[in-house]
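Let's take a walk through this one together. Have the viewer ready and colour the chains separately.

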Amino acid sequence: MSSNLPVLLFLVPFVMGVSMPLLTAKRRSWCPNLMLGTVGVMLLLSITNLRVVLAEGPIDYAFGGWAAPIGIAWLNDSIAAIVILTINVVSLISLIYGRVVVTTGLEKSVPYYTLILIMVSGLVGIIFAADLFNLFVFLEVAALAGYALVGAAGGKGLVYAFRYLLLGSFGASLYLLGLGHLYVATGTLNMADLAIRLPELLTSTAVASGLIYIFLGLSIKMALIPLHSWLPDAYENAPSSVTPLLASTVTKVALVAWVRIEYSLITPGVEVSHVPVLVLLEELGVLAALIGGSLALIQTDLKRMFAYGGISHIGLILIGVSLGNVTGFAGGMFYLINDAVMQAALFMIAGTVLHYHGAKTLEDLRGVGRQSPWLTGALIVVAVAMVGLPPTGGFFGKWNIILGALEAQHYLAVFAVVASTLLTLGYFLKIFSCWFHQPQFAESESLEVSGALRISLGAISVSIIALGLMSDSIFQFLLESVTSGGA
Amino acid sequence: MIQPHDSVIVRTLGHIVIPVAQLFGVYVLVFGQHGPGGGFVGGVVLAASMILSILIFGINAPNSVLARKMLHGDGLGLLIFAGVGGLCLIGGGQFLNYSHLQIPSLDEASQHYVGILLTQLGVAVDVAVTGVSIAVSLSFNEDEISLDEVTHG
């Protein structure tokens, strides 16, 4: 049975999502528990999956028993296993939080829970997919559910959900176009086959433009600057209960998809008509890190600020994976795992503040720190991680990206990482100066943070610190999986 | 809102064409293993026949009862598909590996035959439901459809 874990990880949320309306036809109140139970089962499955992959090495999963060139294949390797585990941990915590901080009206809506489960299953599919078309299908499964979730609360969110839909569909079309180019040039869409056939074809304009289309398409999905404009609006107006889930998974998984393509198809030092591809990608990352950080600094809305922070971190990860050496690559992937957890924590804090205090902008935050010790604790932990101070995972991720950049002698990348750290410090100082400010009004009654909210805030803070404490073993694990060629 | 069509020619032709279209849809679905066709095409033909009956007789007419029932079938096809895949998983094979399909008293050839037919049935149901849902949600408001009772008119 252990070889069937990938498909079980996909089927459990998908089938539960689809049968949710049937199962809860009589009792609507079962929905949240059913959803949490499903994600809990997924978490157990993904832990087992990681153990199996650690013990047996990468596993090719052939659907219907048909092996890769003919059939549909999934690749269950160590990177997939660890990213899936991260996504499941983050989803479970964000959904526990989402049960408490839910927009009125949504908690009784069955489609809302169905959409969440289908989105999670789409994310699982993206990570396991070993051929480009399969990846496209799951990209759309996850994205369509994501668009609907952004607009789930109605109101202004609908406008931005529609905009997200337009841009996202445009990205998906670009991806499909690029995929067509590669298929015409090589006759295969399987990533392992492409990795064999593509390197000698990189001089061909069709292949180069195909890769560019694929990159542009995925850039829209991962909100890489300058294609990021949908993200802050969408996350600002999405229901607070799903923003942590969306922010921590959707863009990260699109980036993982790109990393898989980049890692297997673009070898270090490869040039397309005298343009070193990896250096170009790295410089796009530099731009994203710097511009994203600067834009975050000038925001006054808490959620928008965090959204731009996430955009700048996408740039950091892209720098790491595009340095062309294993240190940078493993550092980038480690930072990606951290970033998923940190983004969830940030949007959980922003959502709680909005839900209980009605505080949307920095000005409204005054005095919040005095009323809610749990929130303050979580904010301090996540701030330390975002800035990148030693006890947390953020530090080790950035540290290894810098080491990788020094190894590759790309000093611009070093500068970008350090500068984005300073920018992060800048916008967290802005937040803290309001957070601990003397309240505008007389001390109001202490905030009643409910038990489930405390559990989720505590769990996310603990996972941030745990990632830092276990950073060495996780990093070594990533390093080994990269050097053994299984990315 | 689409009004029922009152032309005798259209209504009479509808009575003739719709059953033929449905029969053809089922034929394409079942024949899919031996020639061109299969679940998706069969589902589209079935959906087209039901949309035709909605256009001619109206959504609330007795003739459109199948189309109305279809609207309840969201995800049913998917469950059939996942169920067949799940039976293969239980049998110890990969997802959709029909050699391991756990249906008693079938030899391997029939396992493949039944497995493919059932998954195609699932696909057909899903495609037909989606087609009818799109047509209905484009042409009617929710309160114009009496989903639970058949009105005679």
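This is a predicted model: local features need pLDDT of at least 70, side-chain atom pairs count only at pLDDT 80 or more; totals for chains, interfaces and linings use all residues.

Residues are numbered from 1 along each chain as its sequence is written, while chains are lettered from A and ligands numbered from 1 in the order in which they are written.

Start with chain A. Its secondary structure comes to 19 helices and four strands, where helices (H or I, at least four residues) and strands (E, at least two) are DSSP runs numbered from the N terminus. The radius of gyration of chain A is 21 Å, close to the 23 Å that the globule rule gives for 487 residues, so chain A is as compact as a globular protein of that length; the radius is taken over C-alpha atoms, and the rule is 2.2 Å times the number of residues to the power 0.38. Along its principal axes, the C-alpha trace of chain A spans about 70 × 55 × 45 Å. Of the 487 residues in chain A, 56% are buried. Here a residue is buried if 20 or more other C-beta atoms lie within 10 Å of its own, exposed if 12 or fewer, and partly exposed in between, with C-beta atoms placed from the backbone. As for contacts (C-beta atoms, placed from the backbone, within 7 Å), 80% of those in chain A between residues at least 6 apart in sequence join residues at least 24 apart.

Now chain B. The C-alpha trace of chain B spans about 55 × 30 × 25 Å along its principal axes. Buried residues make up 36% of its 153 residues, and 62% of the contacts in chain B with a separation of 6 or more are between residues 24 or more positions apart.

What sits in the middle of things? The largest nonpolar core has 209 residues, and A:Ala345 and A:Val382 touch the most other members. Such a core is a set of buried Ala, Val, Leu, Ile, Met, Phe, Trp, Tyr and Cys residues joined through C-beta atoms within 7 Å. In soluble globular proteins, nonpolar side chains tend to be buried together. Helix α13 (residues 326–357) of chain A gives the most to this core, with 18 residues.

Not counting residues up to four places away in sequence, A:Val382 touches A:Met342, A:Ala345, A:Leu346, A:Ile349 and A:Ile464. The axes of α13(A) and helix α15 (residues 373–387) of chain A come within 10 Å and cross at roughly 145°; axes are lines fitted to C-alpha atoms, for helices over the stretch in contact, and angles run from 0 to 180 degrees between N-to-C directions. By class, the contact of α13(A) with α15(A) has 11 nonpolar, two polar and no charged residues. For these classes, Ala, Val, Leu, Ile, Met, Phe, Trp, Tyr, Cys and Pro count as nonpolar, Asp, Glu, Lys and Arg as charged, and the others, Gly among them, as polar.

Next, the backbone. Most residues other than glycine have a negative phi, and most peptide bonds are trans. Look at the loop between α8 (205–222) and α9 (230–237) of chain A, the place of A:Pro226. A cis peptide bond joins A:Ile225 and A:Pro226, with omega about 5°. A:Ala223 is found in the loop between α8 and α9 too, and has a positive phi of about 60° although it is not a glycine. A:Ala223 is buried, with 27 other C-beta atoms within 10 Å.

Chain B has its own case: B:Leu96 has a positive phi of about 70° without being a glycine. B:Leu96 is found in the loop between α4 (76–90) and α5 (108–139) of chain B, and counts as buried with 25 C-beta neighbours inside 10 Å.

Finally, how do the chains meet? The contact takes 11 residues from chain B and 11 residues from chain A. The side of chain B that touches chain A divides into six nonpolar, five polar and no charged residues.

Key. Two residues are in contact if their C-beta atoms, placed from the backbone, lie within 7 Å.
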